[in-house]
Amino acid sequence: MKVLVLTEKPFAAAAVNGIREIVEGAGHELALLESYTDRSAMLQAVSDAEAIIIRSDKINAEVMDAAPKLRIIVRAGAGYDNVDLEAATARNIVVMNTPGQNANAVAELCFGLLVFAARKFYTGAAGSELMGKRIGILAFGNVGRNVSRIAKGFGMEVWAYDAFCPKEAIEAAGVHAAADRDELFRECDVISLHIPATAETKQSINHDLCATMKKNAILLNTARKEVIDEAGLLALMNERTDLRYISDIKPDLDAEFAAQCAGRYFATPKKMGAQTAEANINAGLAAARQICDFFATGNTRFQVNK
Ligand code: 3PG
């Protein structure tokens with residue numbers, strides 16, 4: 001079988017070496033298309049692939065139609081909003097993710113960004129500390145749980161809310177379970193977003209919700225830019241000049257945020273949360289193993305389009 005690693009944002013070399021060992025060790029062929037810039041190269045590369053390993057790469061019906069042999073797509077990472085699941089199901093293609101494999105990397109970046117913001121972006125101005133502040137984690141999955149672990153090390157008070165996780169499970173992790181999302185936003189000094197981008201969550205972090213945030217609060221988004229109602233948040237940040245917004249990946253209104261909210265806004269140019277050698281190795285090797293296992297035994301444990 002031909003397994004293609006198709007990553008616009010490349011894995012660390014050690015991850016590619018590990019993927020190769022697993023794939024070739026199972027008797028399959030490995031092909032690589034990294035750092036591609038044009039779609040025609042991508043469409044050409046998938047033409048004879050039976051399996052592909054991707055990151056945030058957009059895989060839609062056009063890509064699938066260019067890949068007539070494709071049987072499985074594994075998103076080396078957590079969020080699979082970049083794959084058209086309906087199109088995959090209609091073509092009998094299995095889609096999987098590798099949950100949890102890059103969660104620590106994203107959680108660590110949260111604190112890199114938070115300290116940077118709390119210390120006024122290292123401009124020399126006096127900032128503030130995280131100890132004693134209350135962090136509100138929206139969605140208590142793999143990343144949210146890692147954020148709670150690290151936040152405790154900083155001496156922060158940790159709250160969380162997750163519409164799909166029982167309060168008992170949050171409390172069992174030693175975290176205060178907020179009654180609902182509104183209470184979380186109202187009561188915390190930092191709100192850290194870990195919700196996926198779905199039809200329900202897109203644009204759900206809006207003007208009115210953020211308007212309830214505490215004075216000097218920080219909104220930290222290492223989830224997806226699509227969950228933010230950017231125009232609403234921008235308007236609010238003009239009304240509330242105490243609020244700060246930190247995003248791992250530029251919003252569509254990056255230029256407007258940068259111009260209108262100078263000193264209170266920062267965004268990474270590329271999504272950096274999972275961009276560590278360790279996360280690449282964890283997620284990349286898991287993806288390779290899942291593909292080999294699928295071909296060998298039909299295992300679909302991590303399938304997301306069942
Ligand atoms: C994920 O969903 O796993 C993270 O957002 C990482 O995405 P990336 O592989 O594009 O860095």
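**Ser35 and its setting**

Is Ser35 buried, partly exposed or exposed? With a relative accessible area of 42%, Ser35 is partly exposed, because that value falls between the limits of 20% for buried and 50% for exposed. Do keep in mind that this is a predicted model.

Ser35 is found in the loop that runs between β2 (29–34) and α2 (39–45). Its backbone deserves a look too: the phi angle of Ser35 is near 50°, a positive value in a residue other than glycine.

**Tyr122, another positive phi**

Tyr122 also has a positive phi although it is a residue other than glycine, and here the angle is near 55°. You will find Tyr122 in the loop between α5 (103–118) and β6 (134–138).

Is the Tyr122 residue buried or exposed? Tyr122 counts as exposed, because its relative accessibility is 56% and the cut-off for exposed is over 50%.

**The ligand and its shell**

Now for the ligand, which sits in the largest pocket. The residues around the ligand are Lys9, Arg55, Ser56, Arg75, Gly77, Ala78, Gly79, Asn102, Arg224, Lys271 and Ala274. Sorted by class, this shell has five charged, four polar and two nonpolar residues.

Ala78 uses its backbone instead: one of its polar backbone atoms is 2.6 Å from a ligand oxygen. As for cover, the ligand taken alone exposes 320 Å², and the protein buries 94% of that.

Gly77, one of the residues around the ligand, lies in the loop between β4 (72–75) and α4 (85–90). Gly77 counts as buried because its relative accessibility is 0%. Moving along the chain, the C-alpha atoms of Gly77 and Ala88 are separated by 18 Å, with the two residues 11 apart in sequence.

**Tyr265 in strand β12**

One more stop on the tour is Tyr265, which has its place in strand β12 (residues 265–267). At 10% relative accessibility, Tyr265 counts as buried, because the value is under 20%.

How far is the C-alpha atom of Tyr265 from that of Ile246? The two C-alpha atoms are separated by 5.7 Å, while the residues are 19 apart along the chain.

Key
Residues are numbered from 1 along each chain as its sequence is written. This is a predicted model: local features need pLDDT of at least 70, side-chain atom pairs count only at pLDDT 80 or more; totals for chains, interfaces and linings use all residues. Side-chain values use heavy atoms; hydrogens and water are left out. A residue is near a molecule or strand if one of its heavy atoms lies within 4 Å of it. A polar contact is a pair of N or O atoms within 3.5 Å; within protein, one must be able to donate a hydrogen and the other to accept it, and residues adjacent in sequence count only if both atoms are side-chain atoms. Accessible areas come from the Shrake-Rupley method with a 1.4 Å probe; for residues, only the protein chains shown count as cover. On a 1 Å grid over the protein atoms alone, a cavity is a set of points where a 1.4 Å probe fits but cannot get out, and a pocket is an open set with protein on both sides within 12 Å along at least five of seven lines; lining residues have an atom within 4 Å of a point. A molecule sits in a cavity or pocket if more than half of its atoms lie within 2 Å of its grid points. Ala, Val, Leu, Ile, Met, Phe, Trp, Tyr, Cys and Pro count as nonpolar, Asp, Glu, Lys and Arg as charged, and the others, Gly among them, as polar. Helices (H or I, at least four residues) and strands (E, at least two) are DSSP runs, numbered from the N terminus. Buried means under 20% relative accessible area, exposed over 50%, partly exposed in between (1.4 Å probe, protein chains only).
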